[in-house]
Amino acid sequence: MASFNLNINGSTLTVEAPPTMPLLWVLREKLHLVGTKYGCGIGQCGACTVHLGGAPVRSCVLPVVAVGERPVTTIEGLGQDSLNAVQRAWDEVDVAQCGYCQAGQIMSATALLAKAPNPSDAEIDVAMAGNICRCGTYVRIRKAIHRAAELQTGEHTRAAKEIPA
Amino acid sequence: MSVTLPNFTRRTFVRASAAASGALVLGFDWLAGSRAQAAEGIETSGNPIAEAPEGFQPNAYLRIEPDGKIILMAPNPELGQGVKTSLPMIVAEELDADWSQVEVQQAPLNPEGFGPQYAGGSNSVWSNWTGMRRAGATARTMLVAAAAAEWNVPAARLKTADSVITDPASGRSVRYAEIAPKVDPSNLPSEVKLKERDEFRLLGKRIPQTDNARIFTGQPLYGADLEAEGMAIGTIIHPPAFGAKLKSFDTETLNGVSGVKQVFSFDDCVVIFAETTWEAFEARKRLRIDWEMPEKRENSTQQFDEARALLDHPPTEVLRDIGNVDVALERAAHVIEATYEVPFLPHATLEPMNCFADVRADRALVRGPMQVPAGARRQIAKALDLPEDKVRVEMTRIGGGFGRRLANDFAYEAAIASKIAGCPVKLVWTREEDMARGMYRPAGVYRYRAGIDVNGNIVAWHVQVAGIGHPKPVTSSNFPAGSIPNFRIDTRAIDSKVTTMPWRAPNNNICGYLDQTFIDYVAAEIGKNPLAIRRELLDRAAANPNQDEVDYEVPRYRAVLDTVAKMANWGERKEAGVFQGLATRFCHRSYAAQIAEVSVTDDGKLKILRVYCALDCGLVVNRSGAENQVEGGIIDALGSICFGEVSIAESKAVQQNFNAYRLIRMSEAPPEIVIQFVETDYAPTGLGEPSFPPAPPALANAILAATGKRITRLPFAKSGVVSV
């Protein structure tokens with residue numbers, strides 16, 4: 001057991017955990033942030049995807065000791081005041097069926113859109129390759145990513161216009 | 001359609017009470033409406049709503065609050081099929097509720113109050129349709145009666161919309177919430193008039209799922225997310241091989257393993273409680289357990305060989321026998337044959353099995369992802385020797401079912417573990433336990449033979465089935481049954497300890513592939529167009545030479561076939577290297593026809609371009625949810641047929657996690673799925689399953705058209721066809 005100061009969703013939180021405990025379980029059972037899901041435990045399904053320093057990682061295979069000072073963002077940390085563009089697009093397109101994988105899908109999509117504001121289908125295929133949807137909502141996930149890109153662009157355009165000349 | 005239904009039967013109970021808060025609360029016996037339709041009714045003994053105290057009624061299905069909010073209870077388990085949205089929509093439609101003011105809550109198990117609360121057989125909407133419509137209409141009628149009394153005008157001239165009652169003659173209006181306290185609870189309507197189809201304002205629209213915001217912000221919705229005071233967290237270990245039994249376990253092997261709190265066994269299982277789920281998972285890897293292995297070790301090759309050999313033996317059951325197949329095959333001008341190998345499939349729900357249980361001396365609470373909560377209650381009450389009414393069962397949102405959670409083994413185990421531990425418990429299975437535990441889609445070998453006469457007509461059809469463990473993994477009254485004068489389906493099985501269960505679109509999920517690819521083999525052999533041969537068979541089914549019973553109706557079947565042919569311009573595609581495959585299937589009271597389009601590149605690689613689907617599920621309740629079910633069913637089906645297989649070695653599952661069991665991914669899914677509902681006046685029928693069965697044969701038939709290859713060893717990956 002060791003003590004870790006983690007930067008989670010903008011707050012510094014201290015947890016006692018075995019160093020090899022994956023971040024997934026620290027989030028779920030030490031910090032009670034249960035939006036991040038367990039699906040396979042071997043980094044294959046993507047249900048546990050979070051951002052580490054802005055990049056999507058599979059938290060089920062990331063030991064807490066390896067997190068260090070890099071900021072972690074979970075599904076609970078997205079759009080804390082209002083839903084972000086990806087979450088809104090997910091609602092608009094009505095993506096989910098069972099919904100279990102969707103937190104991971106949204107984290108992967110959000111990371112993609114931060115890097116590529118208007119991603120091609122090929123870029124989407126690569127960025128989303130690590131996330132399984134057992135219900136098969138892939139057509140909608142793709143559509144929602146394109147829609148989120150539009151929503152984001154609209155926000156940026158509005159923000160730019162609001163800057164006083 | 002005009003429906004006026006009497007509101008009372010012997011078992012019916014409708015009750016309203018003006019609660020102290022001014023809320024209108026209605027209790028309703030769902031069975032009154034659904035009993036006539038439901039295949040199996042549930043006997044009611046006493047009505048908890050009737051016995052509930054005045055005012056607060058937790059099982060009431062509908063509550064109108066003073067601020068205008070309308071609370072609707074979703075009675076059935078939600079596992080991604082959308083019933084937490086579509087079922088309340090039905091009540092809201094007949095109530096003329098303002099959907100933007102509706103809040104949906106998951107009801108606990110209470111079949112006396114809510115009727116059949118299960119998720120299976122694509123039955124949720126179909127079995128609740130009339131009951132829920134009448135529930136909404138009854139509330140609306142009572143509100144209108146109150147307004148009519150208040151204004152001293154005839155109720156018949158009042159109109160309702162968006163939770164407001166208006167009197168067009170006087171221009172007066174009143175909100176439901178305002179009039180609710182004035183509803184006379186004793187003034188129950190003896191009859192309620194349901195809406196005509198053209199009066200529907202909400203049904204048929206695209207309504208986003210009511211849990212969307214909660215899902216997309218990561219709220220605790222699922223069984224594994226639950227926490228409770230004093231709860232022990234753990235995991236369970238089952239025998240690692242089919243037929244193995246627990247001998248002993250050595251807790252000394254857990255010395256020094258972090259976080260372990262308690263280890264015990266029951267029913268050949270070992271439970272480990274720890275500080276965290278992960279520590280329980282780690283302890284599971286370390287704990288040395290001695291298992292008594294089964295004497296006979298099974299493996300897939302031997303299973304398929306044995307099953308194939310058994311096909312030549314007499315069947316244990318003849319499921320359908322029309323005309324004389326043997327004679328007809330002997331006299332046929334031409335006989336076409338194919339033998340298929342079908343593997344086991346795990347349900348692989350993304351949320352692994354898990355459950356919460358809190359068992360006390362005189363009562364129990366079980367909370368988790370159950371498809372059949374009433375079955376869980378029955379099983380657990382019996383195991384704990386408690387009366388059923390002392391076992392409270394609550395449903396969480398379910399991270400995928402596909403049939404797996406029709407069994408309640410995981411709930412039963414949590415209850416027993418709680419009883420032994422003497423505290424509330426949450427058991428979460430590892431992915432490996434979940435996948436290796438069995439309960440698979442049945443495997444087997446299927447031999448198809450068709451006899452063709454000199455005129456090119458199919459005169460005989462013989463399906464011989466050899467199940468692996470499962471005695472009859474086959475349907476028997478589906479198309480092309482009814483269209484061929486000599487028709488037999490018979491079955492037998494080899495012994496196996498591998499356990500099987502219903503899997504999304506049970507039996508149809510594979511028989512759709514077998515029937516529909518075999519029709520195309522026949523068409524190819526005798527030089528007929530796949531669309532033409534299906535139309536011919538349907539014409540013959542309409543004439544039905546044997547007057548035998550089949551499950552499907554020819555006109556509806558023909559309509560989806562003709563619609564999809566038109567959607568995809570069947571046979572008129574001109575692009576080089578693009579091939580089409582056609583397939584149809586009736587199941588869960590719905591009709592689906594699909595055309596898959598594939599391209600073949602110069603280096604021989606196949607790519608799915610798009611899938612067209614025409615589907616008749618009666619009335620479409622929620623267009624967004626309905627299309628999502630169709631898309632998901634097709635993608636699941638294509639993934640399963642391309643990659644899905646659990647093979648057995650040394651009586652163990654070879655595939656135990658997603659590194660070995662391959663699920664379809666984003667880049668492999670068809671980029672385009674074009675859906676058209678063939679809308680009819682029938683009540684809504686199944687949607688969670690019917691889009692699945694035609695997709696694999698549509699793809700295989702497109703591959704057949706492109707390459708001439710028959711794929712009879714499944715999955716495709718095993719036949720050397722990498723198609724997506």
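Is Asn123(B) buried or exposed, and what is its relative accessible area?

Tutor: Asn123(B) is buried, with a relative accessible area of 13%, where buried means under 20% relative accessible area, exposed over 50%, and partly exposed in between, for a 1.4 Å probe and protein chains only. This is a predicted model, in which local features need pLDDT of at least 70 and side-chain atom pairs count only at pLDDT 80 or more, whereas totals for chains, interfaces and linings use all residues. Residues are numbered from 1 along each chain as its sequence is written, chains are lettered from A and ligands numbered from 1 in the order in which they are written, and side-chain values use heavy atoms, with hydrogens and water left out.

Asn123(B) lies in the loop between helix H4 (111-114) and helix H5 (124-151) of chain B; helices (H or I, at least four residues) and strands (E, at least two) are DSSP runs, numbered from the N terminus. Leaving out residues up to four places away in sequence, Asn123(B) touches Tyr118(B) and Arg589(B), contact being heavy atoms within 4.5 Å.

From Arg589(B), a contact of Asn123(B), one can turn to strand S26 (residues 590-600) of chain B, which runs antiparallel to S27(B) and is joined to it by 10 bridges; two strands count as paired if DSSP finds at least two bridges between them. Strand S27 (residues 606-616) of chain B is mostly covered, with 10 of its 11 residues buried. The hairpin of S26(B) and S27(B) has 5 residues between the strands, and Gly604(B) there takes a positive phi near 85°. Within this pairing, Gln594(B) has Cys613(B) of S27(B) as its bridge partner. S27(B) also pairs in the parallel sense with strand S30 (residues 672-677) of chain B, over 6 bridges, and in that pairing Cys613(B) stands opposite Ile675(B) of S30(B).

Side chains of opposite charge can pair when their charged atoms come close. Glu597(B) forms a salt bridge with Arg610(B), the closest N and O atoms being 2.5 Å apart, a salt bridge being a side-chain nitrogen of Lys or Arg within 4 Å of a carboxyl oxygen of Asp or Glu. This pair links distant parts of the chain, with Glu597(B) in strand S26 and Arg610(B) in strand S27 of chain B, 13 residues apart. Glu597(B) is buried at a relative accessible area of 0%, and Arg610(B) counts as buried at 18%. Arg556(B) counts as buried at 8% relative accessibility, as does Asp616(B) at 1%.

A salt bridge elsewhere in chain B joins Glu196(B) to Lys193(B), with the closest N and O atoms 3.7 Å apart; Glu196(B) is partly exposed at a relative accessible area of 21%, and Lys193(B) is partly exposed at 47%. A network of salt bridges links Glu93(B), Asp96(B), Arg140(B), Lys195(B) and Arg201(B), and over all chains the count comes to 58 salt bridges.

Finally, there is the partner chain. The contact takes 51 residues from chain A and 59 residues from chain B. About 4600 Å² is buried between the two chains, of which carbon and sulfur atoms give 58%; buried area is the accessible area (1.4 Å probe) that two parts lose on being put together, summed over both. Gln97(A), Arg134(A) and Tyr138(A) supply 18% of the area that chain A buries against chain B, more than any other three residues. There are 4 salt bridges between chain A and chain B, and Arg28(A) forms a salt bridge with Asp225(B), the closest N and O atoms being 2.9 Å apart. The elements that give two or more residues to the side of chain A that touches chain B are helices H1 (23-30), H2 (85-93), H3 (102-115), H4 (121-127) and H5 (138-162) of chain A, and the largest share, 5 residues, comes from H5(A).
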